[in-house]
Amino acid sequence: MRKKVLSVALVGLMCLQLVACGSSGKGGNDTATQNDTPAATADTEGTGSDAAVSGDNGELVDGKFAETKHITVEVYDRGNDGGSDPTNNMYTKYIHDGMLDAYNVEVEFKAVPRWTEVDELNNLLAAGDAPDICVTYDYATIQTYANMGGVMDLAQIVEDNKSVTPNLWNWLGETNMYWDKDPFDGTLWAIEGKRATTNRINTFIRQDWLDKLELKAPTTREEFEKVLIAFRDNADTLLGEDADKMVPYSVSYDVGWRAGTLIESFIDPDISEREFYVNGFDDRKLTQEGTKEACRLLNKWYNDGLMWKDFALYKSGDTTEDDMMKAGYVGAFTHNWDYPFRNGDDSINANLKRLVGDDAKFVAIDPFEDSKGTHTKYVTSTAGDRKIFFPVTNDEPLASLLYLDWISDPEHIQYLQLGDEGVTHEVLEDGAYSVIAATGDPIMNSGFNIDYTITCNGLNLKDENLTKLSISHSYAGIEPEVVAEADRIANVDAVQERNVNVGVIEAEEGMGTTLGEKRDIMYDQLLLATPDQFDAVWDQYMSDYMSSGGEAIKTERDSKWVALFGDVPNMP
């Protein structure tokens with residue numbers, strides 16, 4: 001009955017809000033738009049906070065519930081070809097059996113499509129059918145439903161249950177536990193998962209093509225452009241009868257992410273924290289000073305035939321671009337720091353080796369210099385990961401919190417990330433773990449099983465030294481030195497953003513998806529424009545973006561900054 005009543009209320013409130021702000025659309029990028037702001041203030045009366053606060057451990061007998069509890073946990077369905085059932089495999093069984101044994105809690109997984117996660121979560125939350133433990137990259141969704149009374153305030157329950165959740169607190173610490181806590185009213189709508197590795201983006205290039213054309217790896221934008229021209233002009237030499245399929249440099253529709261390090265190289269490396277924050281609602285850097293000139297260069301490359309001409313036709317979840325890379329038609333691309341190494345036997349580099357030859361591979365390069373001649377990269381914070389929240393339909397907040405503690409146990413993280421020796425990994429002479437490409441049920445649908453280790457993103461073994469030693473061996477079939485170099489480059493001149501928590505930004509409520517779609521369209525159109533129309537296209541789409549909510553967000557962010565820190569460029 002509680003879920004039915006709440007469902008009707010939320011549907012009504014959501015409809016009213018959507019009419020008010022006109023927000024709709026899809027999310028689901030690998031790193032969806034992330035906001036550093038806390039959730040909006042909401043009236044917590046009737047939101048299930050009483051159930052959360054009651055976690056005085058009285059229900060536990062010798063650390064277990066006397067009666068079996070049942071919770072549902074969100075897990076991404078990535079639709080991997082040949083992957084395992086994300087709700088029923090050896091890893092879900094490990095968790096299920098472990099939670100029953102430890103706490104007498106039965107765990108059921110509920111799949112949410114990865115590439116439409118925001119839409120699906122919106123539907124589940126509005127219907128009152130969301131899992132007890134929800135995960136999303138999109139904080140705006142959490143904020144929206146918190147304001148409608150649909151998200152549990154976790155502030156009291158996490159504080160009251162520190163004694164029974166030591167693994168969770170030891171791993172996340174106060175930084176990640178309270179990252180989104182409102183500095184004024186103390187509400188906490190979500191817990192931030194922790195990135196064990198803060199690497200973000202790299203640019204990759206075909207080493208065998210460089211060798212064939214006797215070219216050196218580019219270290220500047222100018223050198224990079226010359227290499228792209230060489231790839232274009234030597235398509236016959238590099239691809240033979242497939243010369244017409246040549247793509248010197250590839251991005252997808254998500255230009256802001258996929259050209260991230262290039263865009264960031266145009267930003268002033270000495271930018272103040274205030275300016276960076278005020279323009280930071282969009283993590284694709286759309287409104288940062290310098291982005292326009294970065295897009296102008298991309299526009300030039302596109303019109304010069306140096307980029308994938310059909311990039312704007314294919315949206316999230318489509319495999320066309322990856323298929324081109326695997327087939328050997330792409331010369332360079334920018335993506336997640338380890339992208340060509342992922343997915344074992346189906347990785348981009350593994351496919352290149354099979355289809356093209358042993359020397360065919362992508363390697364990381366660092367070609368985008370900033371105004372100081374360095375290579376500034378805005379890496380993620382340790383909290384720049386999935387946001388974990390409980391909808392108010394969660395009747396078992398303590399059991400859910402204990403689940404987060406269980407999966408944060410170093411022993412459990414290590415097993416979920418490595419699996420079984422001889423099946424998914426082997427131990428080398430120096431003690432390092434080397435990943436083996438698995439088949440069938442032991443397949444991990446996500447790198448290091450991050451869809452199950454939702455509090456941990458990135459390899460995190462019990463031994464810190466073994467973790468560092470094992471990272472380069474963590475990609476089946478990929479030369480360790482290639483991974484090690486990509487890891488090194490991802491950290492050259494890396495800048496980690498500080499958490500700017502000025503309280504709720506009301507102008508951001510419900511705007512994540514709407515402005516994200518406008519941003520993606522704007523980036524697409526800027527690249528597709530003829531050079532003589534570039535400035536007009538920029539003005540047209542930027543005007544629409546700002547008038548649709550961007551200007552209000554910037555204004556409120558700046559106002560809240562001044563209210564909390566004063567009229568200063570940087571935080572104390």
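This is a tour of selected residues, to be followed in the viewer one stop at a time. The model is predicted.

**Aromatic pairs**

Select tyrosine 94 and tyrosine 415. Their ring centres are 4.3 Å apart and their planes stand at 35 degrees, so this pair is tilted. Tyrosine 94 belongs to helix 3 (residues 90-103) and tyrosine 415 to helix 18 (residues 410-418), so the pair ties together parts 321 residues apart in sequence. Tyrosine 94 counts as partly exposed, at 24% relative accessibility, while tyrosine 415 is buried, with a relative accessible area of 19%. The cut-off for buried is under 20%.

Next, select phenylalanine 109 and tyrosine 452. This aromatic pair is edge-to-face, with 5.7 Å from centre to centre and 80 degrees between the planes. Phenylalanine 109 is in strand 4 (residues 105-113), and tyrosine 452 is in the loop between strand 15 (433-435) and strand 16 (456-457), so the pair ties together parts that are 343 residues apart in sequence. Phenylalanine 109 is buried, with a relative accessible area of 8%; tyrosine 452 is buried too, with 3%.

For a group of rings, select Phe204, Phe333, Trp337, Tyr339, Phe341, Phe362, Phe448 and Tyr475, which ring pairs link into a cluster.

**Lysines over rings**

Which ring lies under lysine 162? Select tryptophan 169: lysine 162 lies over its face, at 4.4 Å from the ring centre. Then go to tyrosine 178, where lysine 181 lies over the face of the ring at 4.7 Å from the centre.

**The nonpolar cores**

In soluble globular proteins, nonpolar side chains tend to be buried together. Here the largest nonpolar core has 134 residues, and those with the most contacts inside it are Val158, Tyr249, Trp301, Tyr403 and Leu404. Select tyrosine 403 and show what surrounds it. Leaving aside neighbours within four places in sequence, tyrosine 403 is in contact with Ile71, Val73, Ile95, Met99, Val107, Phe109, Ile133 and Tyr452. Phe109 and Tyr452, from the edge-to-face pair, are among these contacts. A second, separate core has 16 residues, including Leu121, Leu125, Cys134 and Ala190.

**Aspartate 254**

Move to aspartate 254, in the loop between strand 9 (247-250) and helix 11 (255-258). Is this residue buried or exposed? Aspartate 254 is buried, with a relative accessible area of 4%. Its side chain makes a polar contact with the side chain of arginine 284, at 2.7 Å.

Show the open sheet of 3 strands, which has the order 5-13-6 and antiparallel pairing. Strand 5 (134-136) and strand 6 (191-192) stand at the edges, each with a single partner strand, so one side of each has no neighbour in the sheet. Strand 6 pairs with strand 13 (residues 387-389) over 2 bridges. Select glutamate 192 to find lysine 387 of strand 13 opposite.

**Two positive phi angles**

Most residues other than glycine have a negative phi. Asparagine 104 has a positive value, near 60 degrees. Asparagine 104 is in the loop between helix 3 and strand 4, and is buried, with a relative accessible area of 16%. The last stop is lysine 285, where phi is also positive, near 65 degrees. Lysine 285 is in the loop between helix 13 (273-278) and helix 14 (291-303), and counts as buried at 6% relative accessibility.

Terms used: Residues are numbered from 1 along each chain as its sequence is written. This is a predicted model: local features need pLDDT of at least 70, side-chain atom pairs count only at pLDDT 80 or more; totals for chains, interfaces and linings use all residues. Side-chain values use heavy atoms; hydrogens and water are left out. Rings of Phe, Tyr and Trp (its six-membered ring) pair if their centres lie within 6.5 Å; planes under 30 degrees apart count as stacked, over 60 as edge-to-face and the rest as tilted. Helices (H or I, at least four residues) and strands (E, at least two) are DSSP runs, numbered from the N terminus. Buried means under 20% relative accessible area, exposed over 50%, partly exposed in between (1.4 Å probe, protein chains only). A charge sits over a ring if NZ of Lys or CZ of Arg is within 6 Å of the ring centre and within 35 degrees of the ring normal. A nonpolar core is a set of buried Ala, Val, Leu, Ile, Met, Phe, Trp, Tyr and Cys residues joined through side-chain atoms within 4.5 Å. Contact means heavy atoms within 4.5 Å. A polar contact is a pair of N or O atoms within 3.5 Å; within protein, one must be able to donate a hydrogen and the other to accept it, and residues adjacent in sequence count only if both atoms are side-chain atoms. Two strands pair if DSSP finds at least two bridges between them.
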